[in-house]
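User: I have a model open and would like to go through how its parts sit against each other. Can you take my questions one by one?

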Amino acid sequence: MSITIFVPCDSTAISIGADRVAKAITQEAQKRNITIKLIRNGSRGLYWLEPMVEVLTDAGRIAYGPVQVSDVTSLFDADFVNGGAHPLYLGLTEEIEYLKKQQRLTFARIGITDPISLEDYISHEGYQGLSNALKLSQADIVKAVTDSGLRGRGGAAFPTGIKWNTVLNTPSEQKYIICNADEGDSGTFSDRMVMESDPFVLIEGMTIAGIAVGATQGYIYLRVEYPHAHVALNTAIEKAYAAGYLGDNIQGSGKTFNLEVRLGAGAYVCGEETSLMESLEGKRGLVRFKPPLPAISGLFGKPTVVNNVISLASVPIILDKGGDYYRDFGMGRSRGTLPLQLAGNIKRTGLVEVAFGMTLRELLYDFGGGSATGKTIKAVQVGGPLGSYLPESQFDTPLDYEAFAANWTVLGHGGVVAFDDTANMAELARYNMEFCAAESCGKCTPCRIGSTRGYEVMDEIIAGQALDKNIPLLRDLCNTLLNGSLCALGGMTPYPVLSALNHFPKDFGIDDQANTAV
Amino acid sequence: MSELNTMETTVQTIITALKDKPGALLPILHAVQDALGYVPAESVPAIAKALQLSRAEVHGVISFYHYFRDTAPGKQTIHLCRAESCQAMGGKNLESHVKAHLGIDYHETTADGKFSLEPVYCLGNCACSPAMQIGHEIYGRVSTENFESIINQAEDLA
């Protein structure tokens, strides 16, 4: 039997040595006259175990990790190519609890296949959704997405089917599908993983969207900070064109869909859909007034679907297995699964795709294993740099859009960043204001000026100056940002700032009583 | 050919190849920066003319986006992540160490021209914070201890 070894090509795995490990394994195998087939798979998302090397055995894939170059000789000595015992032995990959407890729908193939192999994609149920979609009317494709209950996974959680329906019913010679791949939220990497580890699923999802609403051109607006995803997407797109999955007459259906990747240029605000479209049009990424909605007048003034990577990548399985199948996961109005990303000061960082409804505490401790430093987790920021900090008293909140909203917290794109008790929440609140100032597009005054005044006030608060005046001033300023900003950047920066102040007043130099009195 | 002529030829070739794309400005600016390391002020009139924009509009776009630069960078640009996840894992300490080690602040280049330092807000490497990017390479779990060996290796690759 030939020996097949997997070493991830995911950029996080590479960032901690996967390329060097792959090279060392190839060299060591040559030295020992062992013929191996080395596959660069995607990452399973068990990042604390990366670089995680897998070997295919009769029993299934067996994992070893985290593997460093210095471990390679001893792995060969231990006959790891046949699943031999070694201190880094993790057993069957599928049996690793962290992975086994998940419900991977959108991430079904991720880490298993060679990301840029179309053959692998097809042999792992790829393109079945498109195949079904090609047999349906446009309205029925949209209906399947509506029935699934899928809501925008970028963070705003708007029902995807309703958006598609608006574009379908807006007559126009030209319509567009845009994939928002400007995943700028700190603590998030699920979009990156999909694009690096299963780019065809995104291409398939966009193709289905194009056919559903009658759009013949798609753009993936990718952040420039994702160079590996850029290469993977372009390679996969080229292969999809060559095999008749993109271009004119897709799989003999007579339908056309063209797809191109466009790079952003380091502006966080371009993750806001109207700013993104300005950027795609070649302009400064200034936020547009709404209405008109992008679904009616979007890119170049044409009806446009703008969806996040995860939303679009969830479409193929919905069209493959049906809207009902997807809707049966989840709770309340949050249907399906959410790929959560455990990051920051956490012991077992990684990607956790589960049905909505698990509590934050289960995620942090059962999956995450507590903090990386072994100290108490003081606060958790969920939903990126515009999401609230949750104190321990809120850890039992179920991961569900409505349950989070009821707490004045944000589930957003599912990023979870943990901080241990060395974190100073006033310093973090200052950073949140500074970030808003650095990234504000400048169109509306509350965000443009308020953010700068915000970190100036925070500087005075941190220095302990005139707290009786400055704390109310900070609250007043946040109120202006909340209610007067044009988009979520200014409108939600108060979430982290005020949640830090409300839950951790001591870090701001005031006691609980003084805080509530304001 | 003089340096300016070479620059002009490069820019003109890029413009010719990309100007007919819908929303061509960002693709052109990316291609110019990929080829030259920055978008020289001298290239702005030609880009503006080809896209029927004013020079002010092109300048406005270049200055809006953090990634585009109008001055030549050092041989290598270090993009150091400042975002929350990296802060949760000692990013602020690392930041002071990096600045002290290189003797420069953000948006500056070392006197020997080897390194430029730029802040970045998230590299999507949050499962292995703190992170930084040099060229197209991402580095995870960067510490005050291993920073020097990483940049030495990166220097060899340049």
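User: How many Å separate the centres of domain 3 and domain 4 of chain A?
Analyst: The two centres, taken over C-alpha atoms, are 23 Å apart; the domain bounds come from an automatic or database domain assignment. This is a predicted model, where local features need pLDDT of at least 70, side-chain atom pairs count only at pLDDT 80 or more, and totals for chains, interfaces and linings use all residues. Residues are numbered from 1 along each chain as its sequence is written, with chains lettered from A and ligands numbered from 1 in the order in which they are written.

User: And how many residues does each domain give to the contact?
Analyst: Domain 3 of chain A gives nine residues and domain 4 of chain A gives 13. Residues are in contact if their C-beta atoms, placed from the backbone, lie within 7 Å.

User: Which elements give two or more residues on the domain 3 side?
Analyst: On the side of domain 3 of chain A that touches domain 4 of chain A, they are β14 (377-382) and β15 (389-391) of chain A. Strands are DSSP runs of E, at least two residues, and helices are runs of H or I, at least four, numbered from the N terminus.

User: New topic: at what angle do α18 and α19 of chain A cross?
Analyst: The axes of α18(A) (residues 445-462) and α19(A) (residues 467-484) cross at roughly 160° and come within 10 Å. Axes are lines fitted to C-alpha atoms, for helices over the stretch in contact, and angles run from 0 to 180 degrees between N-to-C directions.

User: So are they roughly parallel or antiparallel?
Analyst: That angle makes α18(A) roughly antiparallel to α19(A), a label for angles over 145 degrees.

User: What about chain B: how many residues touch?
Analyst: Chain A puts in 45 residues and chain B 36. α1(A) supplies the largest share of the chain A side, four residues.

Conventions:
Contact = placed C-beta atoms within 7 Å. Parallel < 35°, antiparallel > 145°, perpendicular 65-115°, else oblique.
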